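Let's take a walk through a protein together, one stop at a time. Have a look at the picture before you read on.

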Amino acid sequence: MGKWVDGTGTLAVATREIPLEVAASYRARRRGLLGRDGIAGALLIVRTNSVHTFGMRFAIDVAHLDGSFTVRSVVTMRPGRLGMIRPRGRHVLEAEAGAMAGWGLEPGVRVRVSCGEVTAGPSRGA
């Protein structure tokens, strides 16, 4: 596996491929979705186990992923909230509220992330 960098890629959930933005640098991770009115697809914030929605303009779905890219939990957060720390969480996916249910993203589902040189999660055949 390569080094995480800011950029775009794809999130594979079962047979669906969703556009993905990756926030790997300190600056991108800190900014997240702040100041936006929405997102087409999802945002992956690497190396974190909690998020907040202070300053957000819209409600979001938050999925906490473990080191093997298995979903540990999915919650919907309204603006102005502080999320719980997930001790086994390694990465966080964010999307507009309701999107993750439509993708079939729920606890126990393994996702695959492809971004530049980095591919993480189960292999295509798994």
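A word on the ground rules comes first. This is a predicted model, in which local features need pLDDT of at least 70 and side-chain atom pairs count only at pLDDT 80 or more, while totals for chains, interfaces and linings use all residues. Residues are numbered from 1 along each chain as its sequence is written, and side-chain values use heavy atoms, with hydrogens and water left out.

Let's begin with empty space. Rolling a probe the size of a water molecule over the atoms shows where such space is left. On a 1 Å grid over the protein atoms alone, a pocket is an open set of points where a 1.4 Å probe fits, with protein on both sides within 12 Å along at least five of seven lines. Lining residues have an atom within 4 Å of a point. Grid points are joined across faces, edges and corners, and the volume is the space filled by probe spheres set on the points. Here the largest pocket holds about 250 Å³ of space. It is lined by 15 residues, and the closest to its centre are Arg29, Arg30, Ile45, Val51 and His52. Helix H1 (residues 26-31) gives the largest share of this lining, four residues. Helices (H or I, at least four residues) and strands (E, at least two) are DSSP runs, numbered from the N terminus. By type, the lining has seven nonpolar, four polar and four charged residues. In this sorting, Ala, Val, Leu, Ile, Met, Phe, Trp, Tyr, Cys and Pro are nonpolar, Asp, Glu, Lys and Arg are charged, and the others, Gly among them, are polar.

Next come the charges. Side chains of opposite charge can pair when their charged atoms come close. A salt bridge is a side-chain nitrogen of Lys or Arg within 4 Å of a carboxyl oxygen of Asp or Glu. How many salt bridges does this rule give? The count comes to two. In one of them, the side chains of arginine 36 and glutamate 21 meet, with 2.8 Å from N to O. Because arginine 36 lies in the loop between H1 and strand E3 (42-46) and glutamate 21 in strand E2 (residues 16-23), the pair ties together parts that are 15 residues apart in sequence. Aspartate 37 forms a salt bridge with arginine 57, and their closest N and O atoms are 3.1 Å apart. This pair also links distant parts of the chain, with aspartate 37 in the loop between H1 and E3 and arginine 57 in the loop between E3 and strand E4 (60-65), 20 residues apart.

Are aspartate 37 and arginine 57 buried or exposed? Both are exposed. Buried means under 20% relative accessible area, exposed over 50%, and partly exposed in between (1.4 Å probe, protein chains only). Glutamate 21 is partly exposed, at 25%.

Now turn to glutamate 94, in strand E6 (residues 91-96). Glutamate 94 is buried yet has no salt bridge, and the nearest side chain of opposite charge, arginine 36, is 8.2 Å away. For charge, Lys and Arg count as positive and Asp and Glu as negative, while His and the chain ends are not counted. Leaving out residues up to four places away in sequence, glutamate 94 touches several residues, including Leu33, Ile45, Val51 and Met100. Touching, or contact, means heavy atoms within 4.5 Å.

Methionine 77 sits in strand E5 (residues 71-77) and is buried, with a relative accessible area of 8%. Beyond four places in sequence, its contacts include Val51, His52 and Ala59. Alanine 59 is found in the loop between E3 and E4 and is partly exposed at 26%. Alanine 97 lies in the loop between E6 and helix H2 (99-103).

Our last stop is the backbone. Most residues other than glycine have a negative phi. Alanine 14, however, has a positive phi of about 55°, and so does arginine 47, again about 55°. Alanine 14 is in the loop between strand E1 (7-13) and E2, and arginine 47 is in the loop between E3 and E4. Alanine 14 is exposed at 73%, whereas arginine 47 is partly exposed at 45%.
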